[in-house]
Amino acid sequence: MRDIETREDILLIMRNFYDRLLKDNSINFFFTKATDVDQHLEKHFEILADFWEQGLFLKGGYSNNMFQIHKDVHDKHPFSHEHFEIWLDHLYTSIDENFDGPNCDVMKKMSLNMATVMRIKFFQ
């Protein structure tokens, strides 16, 4: 398998990832009820691709406050530690089923770091 190299690679991962999230009854509430992400998936995928391109390829383009967006959701519908584990598991699986290489490792480390910071901030 090859490494993550393009925006299209990121979009493939995100589509696979969200397919898993939306089918998982233990977490899909956050995408179908707590937010309306499921109603705007293609637009959301483009935002996610901007975020990951910035992190993986050092391209600019992402200007949202990722932490604040998730905090706003958490304040209304609290995440649990289990939700973070499920989220990470689905993301790692989506990466591993399609790619292998240093950028995959970076994407996994970035996602673990994000989840860790959110847990610390949300569960103090």
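So, what radius of gyration would a compact globule with 124 residues have, and what does the protein have? A compact globule of that length would come out near 14 Å, and the protein has 14 Å, which agrees. That radius is taken over C-alpha atoms, and the globule rule is 2.2 Å times the number of residues to the power 0.38.

Before I go on, a word on the ground rules. This is a predicted model, where local features need pLDDT of at least 70 and side-chain atom pairs count only at pLDDT 80 or more, while totals for chains, interfaces and linings use all residues. Residues are numbered from 1 along each chain as its sequence is written, and side-chain values use heavy atoms, with hydrogens and water left out.

Okay, the overall picture. Helices here are DSSP runs of H or I with at least four residues, strands are E runs of at least two, and both are numbered from the N terminus. The C-alpha trace spans about 40 × 30 × 25 Å along its principal axes.

How much of the protein is buried? Of its 124 residues, 42% count that way. Buried means under 20% relative accessible area, exposed means over 50%, and partly exposed is in between, with a 1.4 Å probe and protein chains only. Now take contacts, meaning heavy atoms within 4.5 Å. Among those between residues at least 6 apart in sequence, 74% join residues at least 24 apart.

On to charges. There are 14 positive and 21 negative side chains, and the centres of the two sets lie 4 Å apart. Lys and Arg count as positive, Asp and Glu as negative, and His and the chain ends are not counted. Each charge is placed at NZ of Lys, CZ of Arg, CG of Asp or CD of Glu.

Searching the whole structure turns up 12 salt bridges. By that I mean a side-chain nitrogen of Lys or Arg within 4 Å of a carboxyl oxygen of Asp or Glu.

Let's look at R7, which is buried at 18% relative accessible area. What does the side chain of R7 meet in a salt bridge? One partner is E46, at 2.7 Å, N to O. R7 lies in helix 1 (residues 7–23) and E46 in helix 3 (residues 41–57), so this pair ties together parts 39 residues apart in sequence. E46 itself is partly exposed, at 33%.

R7 also pairs with D50, at 2.9 Å, N to O. D50 is in helix 3 and R7 in helix 1, so here the parts tied together are 43 residues apart in sequence. D50 counts as partly exposed, at 22% relative accessibility. Both pairs belong to a network of salt bridges linking R7, E46, D50, E53 and K59.

There's another bridge to point out, between D9 and R2, at 2.6 Å, N to O. D9 is buried at 4%, whereas R2 is partly exposed at 43%.

Last stop, L58. Where does L58 lie? You'll find L58 in the loop between helix 3 and helix 4 (66–76). Its phi is near 60 degrees, a positive value in a residue other than glycine. And L58 counts as exposed, at 75% relative accessibility.
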